[in-house]
Amino acid sequence: MGVLSALTRTAPLAVAQLLVTRGERRAARDRSRFTGRDRALASAAAEQDPEAGLLLLARAPDLLTPQAARTLLRRPAAVLETLRAARPGPDGSPRELRICVGVLPPATRRSLRALPPADLVELARRCPVTQPRHRGPGRHDIEPDGLLALLPAPERRLLVEERTARPRSVRSLPTAALTALEPADRAALVMPWVERFARHEWTLSRLAVGLPLALGEPVLRDMAGQHRIHQRQMGWPALLACAELEGDPAEFARIAGDCERAWHDQEEVRRAALQQLAGAPPRLLAALPDRVLRDAALTTVQSRDSTSHTLAAVEKLLRRAAESAAATGRLDRAAYTTDLLCHVVSDPRSRTTVTPLRIGEEAARAVWSAASSPGTPAHPHLHTALAELLAPYLTALPDLDALVRATAWESDDPEIAARAAAAWAGPAELRERRSAELISHDASFALVPVILRTIVTRRTDLLDPVLLAAREGLSGRARPRAVAWAAGLHSGITGRWLPEQRHAWNEHHARVAADELAPLRTRADAAARVREPALLTRLAESAPQPVAAAALGALGDVLGAAHDGLPPATEPLLAALLRHAATSGVRGRAAMSSVRRLLEAVPDREACALLAPVACAADAPVGSRKEAVRALGVLSGAAAFDALVAAWDTPRQHRDVRAVVARHLLAAIDRPAIADRLARAADEPAVREAVVHARVEPVSESAREAYADFLARLVRDGDEETVVAACRALPAWFTPESADAMRAVADVATDPGRRRRAWEAAAQQLAWFPLGPVGGPILKDVIRRLQELAVTPDPRARADGLRRLSGVAEAIRVRQGSARTLLIADALALSLHAVGLYADAAALTWDTSLAAVRHGVHHAARWERLLDLIEERPERLPLGSGFHLDAPTPRARGALLAAARLLRERGTPAAGVMALALVRVGGRATCWDETWRDELAALRDHPDHDTAIAAFLLASEQHP
């Protein structure tokens, strides 16, 4: 992955070709896993080279992210040509390319405007925006659909209406699609939805955002004034978002002023409203009165229930307001807002690191002038926060600089003193000198991260006083109480130090690690930073378990940290680590982990000779053996593989160790001896979980067929659990030529000696058989054998055959299946009818008919067969309260309408019930357009009285 990531910058087209070819070779069920893994690479290649993006769009569109897809619009004509040439989806819908929201770059807009108007409309139709769904209270992102905004207003409305005609599209419609419409169009489009979903509060809050403010404000104010917290939590952000979409600064300021009720509400309501307000555009933030910012900030700070998330929201609001005011020359407002911001960032509940404001020196001087005006009381915590916000200009403000220095030297609050010291030592050109001055005054300032980083990287001459003070607990202004100290620094930073300094550093941390009075966490952290083998070995022998484990873990890095002369001898280190690896618990695992890192510095043959005895020792701890096996698995050569085989063959080897070994042996599954070993042990649960899976990484492309044969062997010879697991894993490895594997699954499905759990698992995989010259006859033979078993004279055999056929029908998931599944279901339904399972045949035919409608296909003969089954016995009608049908495309809705008319024209009671159910689905999917209202009106005149009454009641529920 690292090499491919680098090649996306230098050879993006080659990377795209590789990903496309690799994806086309994989099975359909296995492809989705690699789509997620390869998407980042493919999208990076597409953004780098448009030709690579067009190749991916044509042959692997699932690999393109919306961000990468938007970059392809730089070549709009080529994108449109590729989309036109693409095959339609399974339901007949044209290929679409989803892009992300946001304003398009100028070059992209120029390219799009060069298209003919008709082509631009078609491209916008095929490139809908995708936007993260608004899943709860919080900010509504008001971002434009850049492509839709380029169209004339009538075409924009027409496209949005087309998209909302899909089922459930109203609830999932991106707000960006509405922002591109004119206010009148938004009102005409959204207001009927608001009336329809008036009782669905979450949907209502989303839809009302798209209304003009005059229409949306009454709806959202009513929601924000309700007594339930979740209603107010949705109402206030939606009201602010509606005002933001309106774009009028005066109206936005009025709505924000009314949010004072939200600031004084419960924390959840306050946070949601602040998050919405904080993301408003700068021109709207500039219109906010100072009192709005004051009330929001001070109420949040002084409310006891405010959390770090609420403080972060108000900090973002004040920071953006201050920077916007400074950029437009409103220095008095910038100073006032910064003063409020100091109260927020100095709150102890705030967990964010204070970053400087992005303002100029003139604005910084104005801010400090306002903060230091006569009569202003001195508050060290506010002055410290101000120094952090104005850090780039601290040296240009000598009074503030001196005040912060005095706070660091004199404050009795250790947190304030540390923050002031960090701010005073912040300027890069003075950092070394000021760090030295602070350390000479008080060595406890070494606890401040920026000062400690300066000491260990630039001023190593200050290490001696720091380590000397650390012997006494490093107490002072920054830490009044003397406590053992372990520096949170990476050990590699000591590489440029003098040998004496490194030794003193290691001695200090070894002393802390051996301190019985220090907390175990501090001792373990100290042990992990020691890099002298002798000190680490002593700690590993005598320290408590967590500290010893940290020391053993650090031993694995001593070779990489050997800066003085020759590195330590590897063999004594390995001997000590292997001795500890023989113990149990965290010590053994840490030691074995270090062994694996140390072995990277020795040849594979020597490493194998050291690891093999541990892996094969039946009396060694299980954890150590597993680590040894994992270390052997990353070694190359025949000797390492032979050691793994020997570990497998070890008498009384633990099952968990064998499971780890099995993962590595899978790479050689094409060797008969390895396959025999794994097959004999597959009944062990741990081994089975390791080797039987649809996604097994060690199996290479060249060993796919051998692995499929191995799974087929388990299906034939394994116990029940193994058979079930192997049956479920096999479809991912099917190819059109996998005759042996398909026959193995078929035999389980038809074997009278198999229990229900086994043959049901096998039956569920029948739908995944490749229907070619090999898979088709095998599948037909399965149905034929089950049908013969169901008509045999033996009562017990016949009962088993009937149950088996019925179970197979239940196992095949027809409604979620593909068109290939429908062919299997039709053949199975005929067999069910032939053996007398009429109710099962009716249920399967019903599911098959609905699935065909979802694919946009209407088979009149299939509906006729269903009617023949249920008209005689209406109780066979499988129409329960959970009936649901998805008709996502115009083609699917056309097939649904044809089926409803066929059933209505039949005129029987059973057909009428089904026709009404289909009309209800179609009407809801299209918001009851004219076609479906006419169909419902026709059902009101149905010959069956019950159907006519039900249609009348349904019609009375719809809005005229």
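Which residues do ring pairs link into a cluster? They are Trp485, Trp497 and Trp505. Rings of Phe, Tyr and Trp (its six-membered ring) pair if their centres lie within 6.5 Å. This is a predicted model, in which local features need pLDDT of at least 70 and side-chain atom pairs count only at pLDDT 80 or more, while totals for chains, interfaces and linings use all residues. Residues are numbered from 1 along each chain as its sequence is written, and side-chain values use heavy atoms, with hydrogens and water left out.

**Aromatic pairs**

- The structure holds 5 aromatic pairs.
- Tyr707 and Phe710 form a tilted pair, because their ring centres are 6.0 Å apart and their planes meet at 35 degrees. Planes under 30 degrees apart count as stacked, over 60 as edge-to-face and the rest as tilted.
- Both residues sit in helix H42 (residues 704-717), 3 residues apart, which means a separation of about one helical turn. Helices are DSSP runs (H or I, at least four residues), numbered from the N terminus.
- Tyr707 is buried at 0% relative accessibility, and Phe710 is buried at 3%. Buried means under 20% relative accessible area, exposed over 50%, and partly exposed in between (1.4 Å probe, protein chains only).
- Trp846 and Trp863 make an edge-to-face pair, 6.0 Å from centre to centre with 85 degrees between the planes.
- Trp846 belongs to helix H49 (residues 838-854) and Trp863 to helix H50 (residues 860-870), so this pair ties together parts 17 residues apart in sequence.
- Trp846 is buried, with a relative accessible area of 0%. Trp863 is buried too, at 1%.

**Packing of H32 and H33**

- Helix H32 (residues 533-542) packs against helix H33 (residues 545-555) at an angle of about 150 degrees, and their axes are 8 Å apart. Axes are lines fitted to C-alpha atoms, for helices over the stretch in contact, and angles run from 0 to 180 degrees between N-to-C directions.
- H32 is therefore roughly antiparallel to H33. Angles over 145 degrees count as roughly antiparallel, under 35 as roughly parallel, 65 to 115 as roughly perpendicular and the rest as oblique.
- The crossing of H32 with H33 is left-handed; that is, the near helix is turned anticlockwise from the far one by less than a right angle.
- On the H32 side, the contact involves Pro533, Leu536, Leu539 and Ala540. They meet Ala548, Ala551, Leu552, Ala554 and Leu555 of H33. Contact means heavy atoms within 4.5 Å.
- The contact residues divide into 9 nonpolar, no polar and no charged. Ala, Val, Leu, Ile, Met, Phe, Trp, Tyr, Cys and Pro count as nonpolar, Asp, Glu, Lys and Arg as charged, and the others, Gly among them, as polar.

**Positive phi in loops**

- Most residues other than glycine have a negative phi.
- Leu474 has a positive phi, near 55 degrees. Leu474 lies in the loop between helix H29 (463-470) and helix H30 (499-513).
- Leu474 is buried, at 1% relative accessible area.
- Arg652 also has a positive phi, about 60 degrees, and is not a glycine. Its loop runs between helix H38 (638-649) and helix H39 (655-665).
- Arg652 counts as exposed, at 71% relative accessibility.

**Ala184**

- Ala184 lies in helix H12 (residues 183-196) and is exposed at 57% relative accessibility.
- Ala184 and His509 are 325 residues apart in sequence and 71 Å apart in space, C-alpha to C-alpha.

Technical notes. Helices (H or I, at least four residues) and strands (E, at least two) are DSSP runs, numbered from the N terminus.
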